[in-house]
Amino acid sequence: MTKTVLITGGSSGIGLEISKYFAKDGYQLLWVSLLEDELAQAKSAVQSEIPNTTIWTLTLDLSQPDSAETVKAWVTQNSWRVDVLINNAGFATYGLVQETDFVKEQSMLQLNIMTLYRLNRLFLDQMVNRNSGTIINISSATAFQPMPKMSTYAATKAFVKHFSESVAEELKMQNSAVRVIAVCPAAIADTKFKAAASMDRVNTFEGLAVTTTDEVAKDTWAGFKSGKSLIVTGSRMRLLRALTRFVPSGLTQFFVRKEMEES
């Protein structure tokens, strides 16, 4: 039976790079993304690079309240069995919380938390019933500490990390073979994320822990294959996380504030 991976935001950034690892391993890809042209171009690029890869696409705004149910209906109508679900779609806002766009932040909360939560719930039941499957939720290194000027975004990613790790523990209590994995990347230099969040001049994208989509995808794939439940991507980020154990929290937060400033 052909293995199937469903990836939200699969046509760009982390989603696109991790798709290539699954394609090379023989998975068919189900992509759900916002932009139809981007889906078509990415599909063509992956199939040129990895011939015989099957890719199905759904153009959908995942920040809409009923979007998770639309995804589930699409999967059900096509009789696909999702072996791996990767919740990758998301976006950020930047600025002092009282000055950020309220409507945009509400959409971010819907996408980064509620749509992810609903997709977990909708696909977890099936996985538990058959005692197989993996859910990979893309969190962020911002989940580990307060993030000035990204307060709401960091809070959404803290939810993703905590929720994922907690459900993973519940599955262990049930002696289930189903896995839930949280992935926490550092700032990524080579995606549309920076421009979309109006963060072109923010220092963090030139910081010590900055990573790439290639590195995130490589680390995610390695963690998926080795059975990890928490993946901190990027060797420099892992080193900094280790060093913070020996640094006063006030000093750590000072450096975080500096990284979140604009140059």
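The following legends accompany close-up views of a predicted model.

Residues are numbered from 1 along each chain as its sequence is written, and side-chain values use heavy atoms, with hydrogens and water left out. Because the model is predicted, local features need a pLDDT of at least 70 and side-chain atom pairs count only at pLDDT 80 or more, whereas totals for chains, interfaces and linings use all residues.

**View 1. The chain as a whole.** The chain has nine helices and seven strands, where helices (H or I, at least four residues) and strands (E, at least two) are DSSP runs numbered from the N terminus. Of its 263 residues, 50% are buried; buried means under 20% relative accessible area, exposed over 50%, and partly exposed in between, with a 1.4 Å probe and protein chains only. Among the contacts in the chain with a separation of 6 or more, 70% are between residues 24 or more positions apart, a contact being heavy atoms within 4.5 Å.

**View 2. Helix H4 against helix H5.** The axes of H4 (residues 102-130) and H5 (residues 151-173) come within 9 Å and cross at roughly 10°; axes are lines fitted to C-alpha atoms, for helices over the stretch in contact, and angles run from 0 to 180 degrees between N-to-C directions. The two helices H4 and H5 are therefore roughly parallel to each other, a term for angles under 35 degrees, with over 145 counted as roughly antiparallel, 65 to 115 as roughly perpendicular and the rest as oblique. Residues of H4 that take part in the contact include Met 108, Leu 109, Ile 113 and Leu 116, and those of H5 include Tyr 153, Phe 159, Val 160 and Phe 163. The residues of this contact divide into 13 nonpolar, four polar and two charged, with Ala, Val, Leu, Ile, Met, Phe, Trp, Tyr, Cys and Pro counted as nonpolar, Asp, Glu, Lys and Arg as charged, and the others, Gly among them, as polar.

**View 3. Aromatic pairs.** A search of the whole structure finds nine aromatic pairs, for which rings of Phe, Tyr and Trp (its six-membered ring) must have centres within 6.5 Å, planes under 30 degrees apart being stacked, over 60 edge-to-face and the rest tilted. Trp 56 and Trp 80 form a tilted pair, 5.7 Å centre to centre with 45° between the planes. Trp 56 lies in strand S3 (residues 55-59) and Trp 80 in the loop between helix H3 (67-77) and strand S4 (84-87), so the pair ties together parts that are 24 residues apart in sequence. Trp 56 is partly exposed at 41% relative accessibility, while Trp 80 is buried at 15%. Phe 159 and Phe 163 form a stacked pair, 5.4 Å centre to centre with 10° between the planes, and, being four residues apart in helix H5, they are separated by about one helical turn.

**View 4. Ile 55 in strand S3.** Ile 55, which is placed in strand S3, is buried, with a relative accessible area of 3%. Its C-alpha atom is separated by 6.0 Å from that of Gln 28, 27 residues apart along the chain. Not counting residues up to four places away in sequence, Ile 55 touches Leu 29, Trp 31, Lys 43, Val 46 and Gln 47.

**View 5. Two loop residues with positive phi.** Ser 79, although not a glycine, has a positive phi of about 55°; Ser 79 is found in the loop between H3 and S4 and is exposed, with a relative accessible area of 66%. Asn 131, also not a glycine, has a positive phi of about 60°.
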